[in-house]
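Here is a short note for someone opening this entry for the first time. Please keep the structure in view while reading the points below.

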Amino acid sequence: MTPALTAFQRLLTIMDELRERCPWDRKQTFQSLRKLTIEETYELADELLSENLTGIKEEVGDLLLHMVFYAKIASERGAWDIADALHTVCEKLVNRHPHIYGNVVAEDEEAVKRNWEQIKLAEGKGKKTVLSGVPTALPAVVKAMRMQEKTAQFGFDWDNVDQVWEKVREELEEFRTADTAADREAEFGDLLFSLINYARWQGIDPETALERTNRKFRQRFEYVEDRAGEGGLRAMELSAMERLWQEAKNEVSSPPLRAEGGAKTK
């Protein structure tokens, strides 16, 4: 048995033991684990952003534990087990890579993506439209990006980046001249959607870009806060805050990208 298979068997054995003997593990259900899995996914996302290989290793292990946990619960119900789940994803990968396991030719990444989306649509499984595969619970920025990527695979896209930028300018002007609160909200949404589309054309992941800016803002503001002196921020003039902010821009070259911690599986 390879080291990878040995390690995976060890995890399966530990899961069996915990489910039988640990009061916390015995109590867990699909629904009780759901929020913890979401949290673990975001913790992995943090480590991926920092490219912290040690942190990525830990979070990948945590998520693997969750997947094994879900499979254990399903097997207890007589529905399926971890082997069924693994075989399912293997069959899916083979079916969706006909340029590897069949006689389809795919010259580049875009051809692979087009084939993938067309095969997914042909598979059905209750998903009858191109966008039905985009989870409704995704964060809005990620969802907008995924919808644009999917529809672009079927030719629903601009011809060139200049047209995309012109659309951004158009939406910005419509937002600027909107009269009512409802109109401003609608136009602001349109503006954000067009900016996300422009980011896609520029090869930028807007979610990652915004998160880096969030962290940069946080670190610089905390630099100001740490040096606010007696009375804190409320006692400072805006000019003093601005001076420290400019200092922070020079002193803090890049924001910390490590996750700040949080609950693990238990």
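**Notes on the model**

1. Start with K113. K113 is partly exposed, at a relative accessible area of 30%. Here buried means under 20% relative accessible area, exposed means over 50%, and partly exposed lies in between (1.4 Å probe, protein chains only). K113 forms a salt bridge with E110, and their closest N and O atoms are 3.6 Å apart. A salt bridge is a side-chain nitrogen of Lys or Arg within 4 Å of a carboxyl oxygen of Asp or Glu. K113 and E110 are three residues apart in helix α7, so about one helical turn separates them. E110 counts as partly exposed, at 36% relative accessibility.

2. A word on the basis of this note. This is a predicted model: local features need pLDDT of at least 70, side-chain atom pairs count only at pLDDT 80 or more, and totals for chains, interfaces and linings use all residues. Residues are numbered from 1 along each chain as its sequence is written, and side-chain values use heavy atoms, with hydrogens and water left out.

3. Now the overall fold. The chain has 12 helices and zero strands. Helices (H or I, at least four residues) and strands (E, at least two) are DSSP runs, numbered from the N terminus. The C-alpha trace spans about 65 × 55 × 35 Å along its principal axes. The radius of gyration of the chain is 24 Å, whereas a compact globule of 266 residues would have one near 18 Å. That radius is taken over C-alpha atoms, and the globule rule is 2.2 Å times the number of residues to the power 0.38.

4. Burial and surface come next. Buried residues make up 26% of the 266 residues in the chain. The accessible surface of the chain comes to about 18,000 Å², and 56% of this surface belongs to carbon and sulfur atoms. Accessible areas come from the Shrake-Rupley method with a 1.4 Å probe; for residues, only the protein chains shown count as cover.

5. Contacts also reach along the sequence. Take the contacts between residues at least 6 apart in sequence: 61% of them join residues at least 24 apart. Contact means heavy atoms within 4.5 Å.

6. Where does Q153 lie? Q153 is in the loop between α8 (140-152) and α9 (161-176). Q153 is buried, with a relative accessible area of 9%. Not counting residues up to four places away in sequence, Q153 touches E110, K113, R114 and E117. A polar atom of the Q153 side chain lies 3.0 Å from the backbone nitrogen of R114.

7. N115 is also in helix α7 (residues 109-123). N115 counts as buried, at 17% relative accessibility. Leaving aside neighbours within four places in sequence, N115 is in contact with V104 and A106.

8. How many salt bridges does a search of the whole structure find? The search finds 15 salt bridges. One of them joins E149 to R146, with the closest N and O atoms 2.6 Å apart. E149 and R146 are three residues apart in helix α8, so they are separated by about one helical turn. E149 counts as partly exposed at 24% relative accessibility, and R146 counts as partly exposed at 31%.

9. Another pair spans a wider stretch of sequence. R200 forms a salt bridge with D157, and the closest N and O atoms are 2.8 Å apart. This pair links distant parts of the chain: R200 is in helix α10, D157 is in the loop between α8 and α9, and they are 43 residues apart. R200 counts as buried at 17% relative accessibility, whereas D157 counts as partly exposed at 29%.

10. D46, E211 and R215 are linked in a network of salt bridges.

11. Finish at the nonpolar patch. W165, F188, L192 and L195 form this patch on the surface, with about 360 Å² of accessible area together. Patches are made of residues with over 30% relative accessible area and no salt bridge; like charges are joined within 9 Å, and nonpolar side chains (Val, Leu, Ile, Met, Phe, Trp, Tyr) within 5 Å. Helix α10 (residues 181-201) gives the largest share of the patch, three residues. W165 lies in helix α9, and W165 counts as partly exposed at 38% relative accessibility.

Key: A polar contact is a pair of N or O atoms within 3.5 Å; within protein, one must be able to donate a hydrogen and the other to accept it, and residues adjacent in sequence count only if both atoms are side-chain atoms.
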